[in-house]
Amino acid sequence: MSPQINLEEEFQAKIDAEIKIEPKDWMPDAYRKTLIRQISQHAHSEIVGMLPEGNWLTRAPSLKRKATLLAKVQDEAGHGLYLYSAVETLGVSRLQTIEDLLSGKAKYSSIFNYPTLTWADMGAIGWLVDGAAIMNQVPLCRTSYGPYARAMVRVCKEESFHQRQGYEIMMTLMNGSAEQKEMAQDAMNRWWWPAIMMFGPTDAESSNTEQSVKWKIKRHTNDELRQKFIDATVPQAEYIGLTIPDKDLKWNEDKKSYDFGAINWDEFWNVVKGNGPCNKQRLEARNNAHNNGAWVREAASAYAEKRAKRMAAKAEVA
Ligand code: BYC
């Protein structure tokens with residue numbers, strides 16, 4: 001048996017025994033590559049995900065709403081930072097990872113390429129988008145790569161607060177005037193299907209799931225998580241009087257879950273390929289933010305250089 005095969009078998013045995021893989025452990029190149037891809041896409045999603053909600057910070061209907069939304073958007077920035085740190089432990093530089101986003105080479109979640117047209121969209125995003133994120137990310141607290149799993153624990157606690165604040169916005173609107181109810185239903189109509197698509201292509205079309213499940217990077221398939229999300233969310237919608245925009249949605253007593261209508265995969269791939277309603281706007285905003293922050297990076301690295309020289313001179317004197 002070649003030493004490589006031995007290493008791979010030992011690696012898989014560790015995964016099967018639920019032992020976490022740590023940065024300095026041996027890992028197959030493909031495992032490292034998959035993690036770099038998934039964690040960096042996840043980090044980019046958190047950062048780009050600040051934009052649609054950031055759009056409403058100056059127009060929140062009260063000081064309390066503004067403070068809550070501000071805290072949520074800041075949490076997303078924090079999530080991005082933990083995740084960029086986790087990617088760095090795999091041997092890629094943060095700058096390279098960020099450049100891949102800015103050039104359009106790297107993917108980020110399709111959901112953030114839709115516009116936020118009304119205040120109710122803040123409710124729909126918190127409830128549905130963060131709700132979908134929790135469904136996907138709670139199992140990631142047990143993902144096989146240690147730094148990713150540990151980052152996800154705090155992320156999930158915060159996502160849970162985000163989901164509740166979103167649902168509470170929807171509930172308030174549904175207890176309000178006819179116009180407010182209409183606004184909430186309109187947001188539901190626009191965000192439901194994109195939220196369902198967030199889980200990624202069907203298992204039959206998903207190129208990465210089988211191997212990622214074997215490596216316990218993913219604990220569930222895309223379709224399993226999508227179904228769990230639908231089953232959990234339909235009663236929440238019914239409770240506050242919202243209608244799910246899917247005429248084929250129906251409880252299936254045999255499988256004890258909901259059947260649902262066909263997903264528009266052409267729309268999904270179109271958005272993933274960069275042609276969604278806001279893709280260009282999102283990348284432009286990120287590039288502008290990066291360029292406007294150049295002086296901060298220069299100042300910080302000049303200071304670091306100066307400090308290193310001072311320390312070296314001190315060491316010489318001593
Ligand atoms: N959008 O083989 P598959 C958040 C790509 S942030 C765009 O199933 P995988 C939040 C996929 O990358 C939410 N692309 O892939 C933030 C792959 O292409 P590549 C983000 C998508 O990786 C702020 C191809 O399609 N969450 O929650 O096994 C405010 C085939 O797919 C999407 C995460 O990133 C998509 N929706 O499974 C509020 C969680 N779906 O890379 C909320 C971590 C698929 O081969 N990520 N693609 O060229 C994951 O769990 C997995 O990466 C996915 C996809 C389930 C997303």
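How far is an oxygen atom of the ligand from an N or O atom in the side chain of Arg37? I looked this up before anything else. The separation is 2.9 Å. I note that the model is predicted.

**Ligand**

I then listed the surroundings of the ligand. I found 35 residues around the ligand. Gln41, Lys107, Ser206, Lys218 and Asn222 are the closest. I checked two further side chains for polar atoms. For Lys107, a polar side-chain atom sits 2.5 Å from a ligand oxygen atom. For Asn208, the corresponding distance to an oxygen atom of the ligand is 2.9 Å.

**Helix 2 and helix 4**

I turned to helix packing. Helix 2 covers residues 29-48, and helix 4 covers residues 63-88. Their axes come within 8 Å and cross at roughly 160 degrees. The two helices are therefore roughly antiparallel, as angles over 145 degrees count as such. I looked up the handedness too: helix 2 passes helix 4 in a left-handed crossing.

I wrote down who makes the contact. From helix 2 I have Ile36, Ile39, Ser40, His42, Ala43, His44, Glu46 and Ile47. From helix 4 I have Glu76, Ala77, His79, Gly80, Leu83, Tyr84, Ala86 and Val87. By class, I get 9 nonpolar, 5 polar and 2 charged residues in the contact of helix 2 with helix 4.

**Helix 7 and helix 10**

Next I took helix 7 (residues 146-174) against helix 10 (residues 222-240). The axes are 9 Å apart, and the packing angle is about 30 degrees. Helix 7 and helix 10 are therefore roughly parallel, since the angle falls under 35 degrees.

Which residues of helix 7 meet Gln236, Tyr239 and Ile240 in helix 10? I found Gln163, Tyr167, Met170, Met171 and Met174. The contact of helix 7 with helix 10 has 6 nonpolar residues, 2 polar and no charged.

**Helix 6 and helix 10**

Helix 6 passes helix 10 in a right-handed crossing.

On the helix 6 side, I listed Trp127, Leu128, Gly131, Ala132, Met135 and Asn136. On the helix 10 side, I listed Leu225, Lys228, Phe229, Ala232, Thr233, Gln236 and Ala237. The class count for the contact of helix 6 with helix 10 is 8 nonpolar, 4 polar and 1 charged.

Technical notes: Residues numbered from 1 in each chain as written. Predicted model: local features only at pLDDT ≥ 70, side-chain atom pairs only at ≥ 80, totals over all residues. Heavy atoms only, no water. Axes fitted to C-alpha atoms, helices over the stretch in contact; angles between N-to-C directions. Helix = DSSP H or I, 4+ residues; strand = E, 2+ residues; numbered from the N terminus. Parallel < 35°, antiparallel > 145°, perpendicular 65-115°, else oblique. Left-handed = near helix turned anticlockwise from the far one by under 90°. Contact = heavy atoms within 4.5 Å. Nonpolar A, V, L, I, M, F, W, Y, C, P; charged D, E, K, R; others polar. Near = heavy atom within 4 Å. Polar contact = N/O pair within 3.5 Å; in protein donor to acceptor, adjacent residues only side chain to side chain.
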